Amino acid sequence: TKYIIMGLIKVEGIKTYSYHGHLPEEAILGGHFIVNVNVNADTSKVEKSDDLNDTIDYVKIIEIVKEEMSIRSSMIEHPAARIADKILLQKYVIDVQVEVEKLNVPIAESFNKISVTVKRKKNNY
């Protein structure tokens, strides 16, 4: 039987200091964010070749996250979507899930975590 060979690549806890937020002061003061990325990739080649060129490089994932998180947005869905879209364009990627967690939320309520998770999947899988 023919099946898809995939591996799950996780890059978790990417820390950035970014200027996302609805409030004007967030654009000036900025805040801490954590980005977690899960990528299902076609690992059929790299499993045999043991060659970085035959898979998605996690350093590239981190570069995309840092680049997109440096572009100011009012809502964290915006950079999360940009990150997911760019990662999905990479060779060997089947699908991607990106979580952006905002650590310094300027509200007076008690909570454990505020984050947004977006998902993208290539049509041909």
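Beyond its neighbours within four places in sequence, R82 is in contact with E68, I71 and S73 in the predicted model. R82 belongs to helix α4. Its side chain reaches the backbone oxygen of E68 at 2.6 Å. The relative accessibility of R82 is 18%, and the residue therefore counts as buried, the limit for this class being under 20%.

Two packed helices are described by the angle between their axes and the distance between the axes. For helix α3 (residues 58-69) and helix α4 (residues 77-88), the axes come within 9 Å and cross at roughly 145°. The crossing of α3 past α4 is right-handed. On the α3 side, the contact is made by I61, I64, V65, E67, E68 and M69; on the α4 side, P79, R82, I83, K86 and I87 contribute. Sorted by class, the contact of α3 with α4 comprises seven nonpolar and four charged residues, with no polar residues.

K66 is likewise placed in helix α3. The C-alpha atoms of K66 and I83 are 9.1 Å apart in space, with a separation of 17 residues in sequence. When neighbours within four places in sequence are set aside, K66 is in contact with I14, K15 and T16. One polar atom of the K66 side chain lies 2.9 Å from the backbone oxygen of K15. K66 has a relative accessibility of 42% and so counts as partly exposed.

The structure holds one aromatic pair. This pair is formed by Y17 and Y19, with 5.8 Å from centre to centre and 80° between the planes, an edge-to-face arrangement. The assignment follows because planes over 60 degrees apart count as edge-to-face. Y17 counts as partly exposed because its relative accessibility is 42%. Y19, at 34% relative accessibility, is also partly exposed.

Most residues other than glycine have a negative phi. D50, which is not a glycine, has a positive phi of about 60°. D50 is located in the loop between α2 (44-49) and α3. With 72% relative accessibility, D50 counts as exposed. Y92 likewise has a positive phi, near 80°, in a residue other than glycine. The position of Y92 is in the loop between α4 and β3 (93-102). Y92 is buried, since its relative accessible area is 12%, whereas D50 is exposed.

At the level of the whole chain, the protein has four helices and four strands. Read from the N terminus, these elements follow the order β-α-β-α-α-α-β-β. The C-alpha atoms fill a box of roughly 55 × 25 × 25 Å along the principal axes. The protein has 125 residues, of which 42% count as buried. Among contacts with a separation of 6 or more, 64% are accounted for by residues 24 or more positions apart.

Key
Residues numbered from 1 in each chain as written. Predicted model: local features only at pLDDT ≥ 70, side-chain atom pairs only at ≥ 80, totals over all residues. Heavy atoms only, no water. Phe/Tyr/Trp six-rings, centres within 6.5 Å; stacked < 30°, edge-to-face > 60°. Buried < 20%, exposed > 50% of the residue type's maximum accessible area, 1.4 Å probe, protein only. Axes fitted to C-alpha atoms, helices over the stretch in contact; angles between N-to-C directions. Helix = DSSP H or I, 4+ residues; strand = E, 2+ residues; numbered from the N terminus. Left-handed = near helix turned anticlockwise from the far one by under 90°. Contact = heavy atoms within 4.5 Å. Nonpolar A, V, L, I, M, F, W, Y, C, P; charged D, E, K, R; others polar. Polar contact = N/O pair within 3.5 Å; in protein donor to acceptor, adjacent residues only side chain to side chain.
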